Amino acid sequence: MIVGTRGSQLALTQTKQVCSDLSKITKEPIDVEIIKTKGDKITTSQLYNMDSKGLFTKELDIALLEEEVDFTVHSFKDLPTELDDDLKIVAVPKRESPHEVLISHKRWDELGPGSKLGTSSLRREAFCNHYEKEFELKPIRGNIETRIQKALESDLDATIMAEAGIKRLNLTRYIKEVFPLDYITPPAGQGALAVITRKDCEFNKTLEKLNDYISMQEVLAEKKVLEELGVGCQWPIGAIARMNDKEFNVYSILLTKEGEILKKQNEKGSIRDALELGRRIGELFTDYV
């Protein structure tokens with residue numbers, strides 16, 4: 001089998017983990033094909049000012065459709081709301097932490113007005129404004145190591161990042177603080193990986209063995225909120241689904257760029273109704289976008 005992946009250190013680490021798990025099932029090595037995406041080539045723009053649909057996935061989708069690779073591995077949050085009709089999410093391996101974290105020499109409460117915070121996320125910007133931090137917000141792009149270095153060694157005072165990637169790269173020593181999920185709510189799918197393949201791929205049954213049912217239902221519920229709204233990273237919206245004991249919870253919050261909460265909603269039910277719970281929230285939010 002051949003897997004397609006982006007070439008960043010994080011993408012390769014994630015892909016190698018999936019390949020390792022898959023090799024335990026197939027007892028065969030997996031060949032890795034590195035594919036550069038449009039999102040990798042653009043390093044100067046705020047993502048929410050661009051047409052971000054498929055920014056980090058389109059070239060990998062093409063490689064799949066042209067049968068140059070058998071499957072691809074993505075950070076789930078990078079997936080566009082709708083996949084090509086001939087492709088499918090065949091598996092979501094067990095999810096890593098979905099939390100947001102602070103990278104700084106100071107704690108969150110110690111960062112006063114005028115502190116320089118690096119972010120290219122409209123959602124993170126909105127949460128900073130919601131908590132009236134009065135930061136000087138600066139755009140920041142680059143891989144995880146680059147952003148950590150900028151937050152700790154440049155004129156920036158801090159940045160906010162996803163905990164999952166930092167954990168996967170064994171860089172947790174740089175985390176100053178972990179934010180609760182209802183304090184800074186992550187984007188849909190954060191912390192999860194998506195294994196994508198063609199619907200007619202001969203390896204689908206094998207790839208399905210990588211799937212973690214709870215993780216899959218969580219991220220599909222979160223993405224359903226966005227799908228119902230028809231929005232991506234151009235709107236400050238957080239969504240998180242979690243299985244707590246035997247109850248499935250989906251929480252989402254919609255803000256303005258200035259930090260005003262337009263609507264927040266929590267839906268509870270059975271994990272079998274994950275998509276319906278996400279759909280309800282998205283439908284409720286449509287009056288506000």
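Two strands count as paired if DSSP finds at least two bridges between them. In this predicted model, strand E5 (residues 100-104) and E9 meet that rule, because 2 bridges join them. E5 and E9 run antiparallel, and Val101 stands opposite Val178 in E9.

Strands of a sheet pair through backbone hydrogen bonds, in a parallel or an antiparallel manner. The sheet here is open and has 5 strands, in the order E7-E6-E8-E5-E9, and its pairing is mixed. Strand E7 (136-138) and strand E9 (177-178) form the edges, each pairing on one side only.

Two helices lie across strands of this sheet. Helix H4 (residues 122-130) lies across E5, strand E6 (116-118), E7 and strand E8 (158-162). Helix H5 (residues 144-153) lies across E5 and E8. H4 runs at about 125 degrees to E8, while H5 runs at about 155 degrees to E8.

The cysteines are a separate topic. The structure holds 0 disulfides. Cys19 is in no disulfide, and the nearest cysteine sulfur to its own is that of Cys201, 14 Å away. Cys201 is likewise in no disulfide, with the sulfur of Cys19 as the nearest cysteine sulfur, 14 Å away.

| Residue | State | Relative accessible area |
|---|---|---|
| Cys19 | buried | 8% |
| Cys201 | buried | 8% |

Cys19 is called buried because its relative accessible area of 8% falls under 20%. The value for Cys201 is 8%, so Cys201 is buried by that cut-off too.

Key
Residues numbered from 1 in each chain as written. Predicted model: local features only at pLDDT ≥ 70, side-chain atom pairs only at ≥ 80, totals over all residues. Heavy atoms only, no water. Helix = DSSP H or I, 4+ residues; strand = E, 2+ residues; numbered from the N terminus. Contact = heavy atoms within 4.5 Å. Axes fitted to C-alpha atoms, helices over the stretch in contact; angles between N-to-C directions. Disulfide = S-S within 2.5 Å. Buried < 20%, exposed > 50% of the residue type's maximum accessible area, 1.4 Å probe, protein only.
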